[in-house]
Amino acid sequence: MASPSARRGGRHRRAPENFRGGLLTHALVLLAAFALFGVDRTLGWIATVLNIVFLLFFFRHLAFAVSAARWAERDLDAPVIGIATYTPSIAVLIACKDEELVVDGMVAAMLDLSYPPDRLTVVVVDDASTDGTGAKLDAWHAANPRLRVLHREPGAGGGKSGALNDALALVDAEIAVIFDADHQPESSVLRRLVRHFRDPRVGAVMGRCVVRNGVESNLASTIFIDYLSGYLVNEYGRQALFELPAYGGANCAVRTDLIRGLGGWNPHTVTEDTDLTLRLLLDGYRVRYDSTAVDFEEAVLSNSRFWRQRYRWARGHQKCLRDYWLPVLRTRFLSPMEKLETILFLWVYHVPVLCGLGLVLIGLRAFGIGGSSFIQMIALSALLFAGPFTELAVGLVLGRVSRKAVWMLVGFIPAFGMSILTASKAYFDGMWGTTYTWSKTARSGATSALVLPPMSDISEMSPLNPDNPRVAA
């Protein structure tokens, strides 16, 4: 099946090629401040501003942690009502590029999804793979004709966004549900996601992703805990307090007429999920988060893959801030508090850059360079970590992991250090205009969980739970 070649329009925002003038302006302002007010006084003012920013984000983390600790467990255990009575037509779309290690598990899980067959289409895109991905997909299609396979030609472009746009052009469904190639969703995911579209204000819905291979390395265990915090605390808090969760790019659903009206997924960004989140909000729609719609995915196992993945996330998220901060402030669809939260969300991958600057200021103070902050009661070094660690701790409690897993929080100290480095490099590369295109995350395929547990057993399936049958095996 050939790739569609129709030209698509769209309202995709493209930032200027570089912001070198902005970097130069920052440097000149800093030098002028040094000349006018002195080094110590200027650095003291900078420390004060950083303290205020870190204090704001600390209270944001704390609010999310408190809301999750108070209500998340009750919501996870609440009976699910109405998932069988609303069945809009669905197209499941998956982009694959060199995914032969994980594609079998993914396809098996897709074919096991619980949804009326006459209301469901599954399209897997082979994005010009150079390994055995295409052959495996063709074999699955031969055995299961309801699985549709689209082969893109080399150089088709657009990365994941381009592949999804090509798949979208082939289907006629009310809702598009997106998974990544390493994902293996629980069978009821589709019903849980689409039930929220009864509300016409909802443009997209995000489910919860769980790392399935957390015992394969210390890094994978760290990422497992990070996902607990991100999905059970951070996204839950954004939903509970602001009704502003993010469309996460996988295990997510979006109205097809809406995504088409927006011009499809943006091929000019490496984080099409964050970009779509902002475009939906600016068009007056909302994203909803469903913590019971569970999907299992694979964590990266090496530091180099972790670096490349987080660098891509930081680079794309920072670009979204540059593209959308002004439209967010101007839109009539968000209240002042919602605008503030959206700006803080867009700032998330700039905060590590500020953390790096804060650590530099602490180092300079150790040598007697730099004035004191005007907010001395706030310990800068503590606020760098206190908020995220609060979310991580609550995530461990909600995830019902083994008691020994608490010690794995220590592993986040080097992880925070790496986040400072990746975000800082992404910031300066983005401002300088260094060319960067979408790059896939390499998979290991070491864990393949084809048989997924019922929802009531998900807490026992934690990779850090010693009673987990996958661990025992």
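The model is predicted, so local features need pLDDT of at least 70 and side-chain atom pairs count only at pLDDT 80 or more, while totals for chains, interfaces and linings use all residues. Residues are numbered from 1 along each chain as its sequence is written, and side-chain values use heavy atoms, leaving out hydrogens and water.

**The largest pocket**

- The largest pocket has a volume of about 1100 Å³.
- Among the 35 residues lining this pocket, those closest to its centre are His 26, Val 353, Leu 354, Leu 357 and Tyr 427; a lining residue has an atom within 4 Å of a pocket grid point.
- Helix α2 gives the largest share of the lining, nine residues.

**The nonpolar cores**

- The largest nonpolar core has 75 residues, and Leu 93, Tyr 247 and Trp 265 have the most contacts inside it.
- Such a core joins buried Ala, Val, Leu, Ile, Met, Phe, Trp, Tyr and Cys residues through side-chain atoms within 4.5 Å.
- Helix α7 (residues 218–242) gives the most to this core, with twelve residues.
- A second, separate core of 31 residues includes Met 106, Val 122, Phe 179 and Ala 253.

**Ser 129**

- You will find Ser 129 in the loop between β2 (120–127) and α4 (133–143).
- Ser 129 is buried, with a relative accessible area of 17%; buried means under 20% with a 1.4 Å probe, protein chains only.
- The side chain of Ser 129 reaches the backbone nitrogen of Asp 98 at 2.8 Å.

Methods
1 Å grid on protein atoms, 1.4 Å probe; cavity = no way out; pocket = protein on both sides within 12 Å on 5 of 7 lines; lining within 4 Å. Points joined across faces, edges and corners; volume = space filled by probe spheres on them. Helix = DSSP H or I, 4+ residues; strand = E, 2+ residues; numbered from the N terminus. Buried < 20%, exposed > 50% of the residue type's maximum accessible area, 1.4 Å probe, protein only. Polar contact = N/O pair within 3.5 Å; in protein donor to acceptor, adjacent residues only side chain to side chain.
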